[in-house]
Each structure stands twice: as structure tokens, then as C-alpha cells.
Amino acid sequence: MKRSLRRALWAGAVVAVTVAAVPVTTAFGAGTVTTTFTKAQDWGTGHETRVTVTNGSSATVTTWRIEFDLPSGTTISSAWDADVTSSGNHYVAVKKSWAGGIAPGASFSWGYNGSGAYKAPLNCTINGAACGGGTTPPTTTPPTTTPPTTTPPTTPPPTTPPPTTNPPNPGGKKVVGYFAEWGVYGRNYHVKNIQTSGSAAKLTHILYAFGNTTGGRCSIGDSYADYEKAYTAADSVDGVADTWDQPLRGSFNQLRKLKQMNPHLKVIWSFGGWTWSGGFTQAAQNPAAFAESCYNLVEDPRWADVFDGIDVDWEYPNACGLTCDTSGPNAFKNVISALRSKFGSSALVTAAITADGSNGGKIDATDYAGAIGNLNWLMPMTYDYFGAFAAQGPTAPHSPLTSYTGIPQQGFNSDAAIQKLKSKGVPANKLLLGIGFYGRGWTGVTQAAPGGSATGAAPGTYEAGIEDYKVLKNTCPATGTIAGTAYAKCGSNWWSYDTPSTINGKMTYANNQGLGGAFFWELSGDTSNGELIGAIKGGLG
């Protein structure tokens, strides 16, 4: 995987690409409590809808019950942040037991994925009355804090983050997303975007990438981005500007604020990646010293409350990545064991690993099963299998779910990696399926179907041969699928990438295999309203 190789290119880029979302909204009534259905995304065969309950009264709403009908041809397949039941085309949604009350002037959002194209619900009622009118909902004494002096709009203004969410079922599927520290530069993607896109409510864990491993020790990757950069009120998660003398700034402080607004959310500091995996070779020579350095850094008093554990992204133990490692099949297991011993049983210890399922490939080079007892989960990086690093092609999807006739390399697909790891003794519920929020592409292609020749890498915003989903969905819409992922030919360029529809298929696979959930690289590749993470969350159920 070439993720960290993009660091310098992204950090130096000055072009920012923004895709404006224009949701289709249906509002019912104008009473004290309003209910708004917003089309978050629509891919033809399915859609995602966000439902917002806004309290325009002067007292806290402690419970709510929404009833509505869906037009023929539309059904709800999964929902989150509300308990939804149905009888025919009639649906009832009620507040989750863990959800708090809705304060005066505040809102609460839940969502669902549906089959077919988006259609506005019919006959909506809330708490027994027409949505937004007539009946005062059950209330409690207003909070002691001063309520807003004016009723807010149904949709919060851009500088107002969505409402705080509460924890999902602890036994539920994991939705884990990478936040790249260098994204705050050319990409202009900040922790605040995780909140305003609605992604924070759908994530269970954030992986902060990356810390350095140079010299076999954990060290800071980018001090300015990590804890020095001063945030203005407009760019801050909670709308409060940093001061010159506060002890912690940068993304670390923003993550602290994000966690305060989303108590269910955990943050894990990831070390290594493509560029900085070389330091693991030396770490393997003295795992205890490595673990000591990592613990001291992650648990630094300035930000100890920000991180809930450590992630190892070693590419690749006892094999070759940017550099070659010959520390043996037990090196990874020994490093993980030392980290677990130092961090203790309550911390999260995870790892991103190779997804090479070929015979005698990179999975076979390391005893991953021997390490699993000390890991909360493993993340085989089931993307970047194929790309314009093979400049002449053949064109192939970079994240195939399964094998297919003509695949350039046997064992280079998600299912092959998952089955190999399971066969070695890794429990399915400790495996997460990887999703790329970007595409890989070639230029000089004349054949629309996969398998064509090429002359090089297709142009990309930050790096040739790579482009974000949020760009490709508009500039080169998918025209076909193969092996569970999408592809498209636009002019002489050929791209492959995942869409909400193909992600839904991959999440069905993850559920059928009993996997622990999914993870993705990385947050800034998604749309401003979180289309892809919505598909992951909705597909996992």
C-alpha cells in the first residue's frame, strides 16, 4: 500500500477540491417539533436518508416516536441511531435507549439505508400528531443553561457541529477510519470535517496516521500538525479558537474536542505506514525498548486523554515494502507482545497488515496468528492490489473483493486474504475488511473492460494514478463492476474505485463472513456529507 508515500505530495499541494452537496429535503409542518427527511445519497438501486428531529419548544424533549409510510418500491434495509420497525410499508422509529433528550433549540439525527431511488415519506406523524404540529411532546424541566434566543434553522449553520451522539452497542460492528495528519495542509481537511460531515456519528474508532518509528523508537510525525497549529474559531470543532498560551493545540486538541462531543468515539495512534515502516526492523531487535518509547509518547500527559491505544502499520515484516525486512517470522508477534505488556489489557492494540493472499506471499512470511491473542483486531489492507505503479497495465480494480477471470495476480483479492488469515487461526471477528476512499487509474487506455494496456498513470489532483472518490464520482462516474468493485473509462483514462453500491456488497460479505467490521483509508476522500462511510455503517447494520 502506497498510503504514506503520498505524504509529501499531499502536504505540498495547494489545490483544494470541494464537492457541494445539494440534498433533497422534505419537511413536515411548522409546529414546535419538526421532522426533516434529507436525501444524503442516491445511487439508483438504493439510497441513504438522514432524518432530523428539531426541538423548537422551550422544554427538553425526552422521547419521540415517528411514524410514516414509504411509497411503493422503497423499503428500509438498515437504520442507525434509532429503533425502526415496520409493518408492510408503514414504519415506526423511536428514540434509542442510550440517546439523551433534545434540548430546546437542538436537533437529533438518525438515518437509514433504503432500497430503490429516494422517495419522500408519506403520512408522517411525531408523537401521535402530524409532524411538526399540534401536540406538545412529553417534556422535562428545561436545563439550567440558557436556551437560544431564537429558534435555529432545521439545518445547522456551517460553523455549528451536528448534535452529540451516544455510544452504539458495544458488541456492534467496528467502523474504523484513518485521519491523515498531513491532510490539514493542501487538502484543507481538519478534524472539524469529521463532525460536520456526520462521519463522527458513524465511526467507532479513528486511526491517527502516522507516528514515526525511525531508530526503532516511536516519535512524533509532524509536531506542527499534531499539537502546534493554532485553530481559528471557524476551523475548530466546537467553534472556539485556540489561544497562544494553551498547553495543547493542533489536531490532538481538536480530537480531544471531537471525543468530548462524541463520547462513544475512540482514537488510536497509528505508527509506521509505507514511509516509516523501516524503523520496525530495529524495533524488532529490542521490542521492550520500542514498547517503552511508544508508551511514553502515547501517554504523554499533554495528550494522554486523546488516545485510547496504539496501532502498528508495519509494511511488511519479514518481507519487502519500501525497504526489505529480514527479522524473521516471529518479529511481528514479539513486537505486539511487548506493546501489550507495556500498554496493559485495557488499551487498544491493533495492526494494519498485508492483504497478499497468494501462495508463499506476504501473509505467509509472518506469524500473524501467533500475535492475534495480544491484538484487539487485525486490518488486512484489502486495496492497492493493482494500479499504475505497473504503468503499462493491465488495467484492473485496485480493491477486488473476489478473484475473476483475467485477474493479473492470483491471491490478490480481499476474499483470498480473509480466507488465508482464517485458515491460519485468526478469528473472523478479529478481522476488519479494508475499503479505499479513492481510485487508482491509468491513461492511454483504449479498452473499456478491465485487462487493457496503458501508457502510464492517469492525472490525479495530488498524485498521478490516484484520485479521491469525491472527485471521481463526478469526473468519471462508474460504468461497470467487476469482482465486487466499480470501474469506469473516461476518454483515455481508466479508473477503479468503490461506490456506495459496491461498498454495500462488501459489507454484506463482511457480515456473511462474521468479520468484526470494516476500516477505510481515509476520511478526506469521502464526500462532504459522508456518502461512503454512510454506506459502510448502513451495510454493516
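Okay, hi everyone. Before we start, this is a predicted model, where local features need pLDDT of at least 70, side-chain atom pairs count only at pLDDT 80 or more, and totals for chains, interfaces and linings use all residues. Residues are numbered from 1 along each chain as its sequence is written, and side-chain values use heavy atoms, with hydrogens and water left out.

Let's begin with helix α9, residues 331-343. How far apart are the end C-alpha atoms of α9? They are 18 Å apart, and that agrees with the 18 Å that 13 residues should span at 1.5 Å a residue.

Now, which residues of α9 are buried? Buried means under 20% relative accessible area, exposed means over 50%, and partly exposed is in between, using a 1.4 Å probe and protein chains only. In α9 the buried ones are Ala 331, Phe 332, Val 335, Ile 336, Ala 338, Leu 339, Arg 340 and Phe 343. As a bit of background, an α-helix has 3.6 residues a turn, so residues three or four places apart point the same way.

What covers those buried residues? The cover includes α7 (279-283), α8 (287-298), β16 (309-313), β17 (348-353), α10 (368-371) and β18 (377-380).

Let's zoom in on Leu 339. Contact here means heavy atoms within 4.5 Å. Setting aside neighbours within four places in sequence, Leu 339 touches Phe 290, Ala 291, Cys 294, Ile 310, Val 312, Gly 344 and Val 349.

That brings us to the cores. A nonpolar core is a set of buried Ala, Val, Leu, Ile, Met, Phe, Trp, Tyr and Cys residues, joined through side-chain atoms within 4.5 Å. The largest one here has 98 residues, and the members touching the most others are Ile 194, Phe 332, Leu 339, Leu 378 and Ile 536. Our helix α9 gives this core its largest share, seven residues. There's also a second, separate core of 23 residues, with Trp 276, Ala 352, Trp 377 and Tyr 438 among them. In soluble globular proteins, nonpolar side chains tend to be buried together.

How many does the structure hold? It holds three.

In one of them, Cys 218 and Cys 294 have their sulfur atoms 1.9 Å apart. Cys 218 sits in the loop between β14 (205-211) and α4 (223-228), while Cys 294 is in helix α8, so the pair ties together parts 76 residues apart in sequence. The torsion about their S-S bond is about 70°, so this disulfide is right-handed. Both cysteines are buried.

Another joins Cys 320 to Cys 324, S to S 1.9 Å. This link is right-handed too, with 110° about the S-S bond, and Cys 320 is partly exposed at 41% relative accessible area.

Then there's Cys 476 with Cys 490, at 2.0 Å S to S. Cys 476 is in the loop between α12 (469-475) and β23 (480-482), and Cys 490 is in strand β24 (residues 485-490), 14 residues apart. Cys 476 counts as buried at 2% relative accessibility, whereas Cys 490 is partly exposed at 25%.

Last stop, a sheet. Five strands make an open sheet in the order β7-β8-β5-β10-β11, with antiparallel pairing. Two strands pair if DSSP finds at least two bridges between them. Which strands stand at the edges? They are β7 (83-87) and β11 (129-130), each with a single partner strand, so one side of each is left without a neighbour in the sheet. Strand β10 (residues 122-126) pairs with β11 over two bridges, and Ile 126 stands opposite Ala 129 in β11.

Two residues of β10 to look at: Leu 122 and Cys 124. Leu 122 is partly exposed at 41%, while Cys 124 is buried at 8%. Leu 122 and Leu 70 are 52 residues apart in sequence, yet 6.1 Å apart in space, C-alpha to C-alpha.

That's my tour, thanks!

Conventions
Helix = DSSP H or I, 4+ residues; strand = E, 2+ residues; numbered from the N terminus. Expected span 1.5 Å × (residues − 1). Disulfide = S-S within 2.5 Å.
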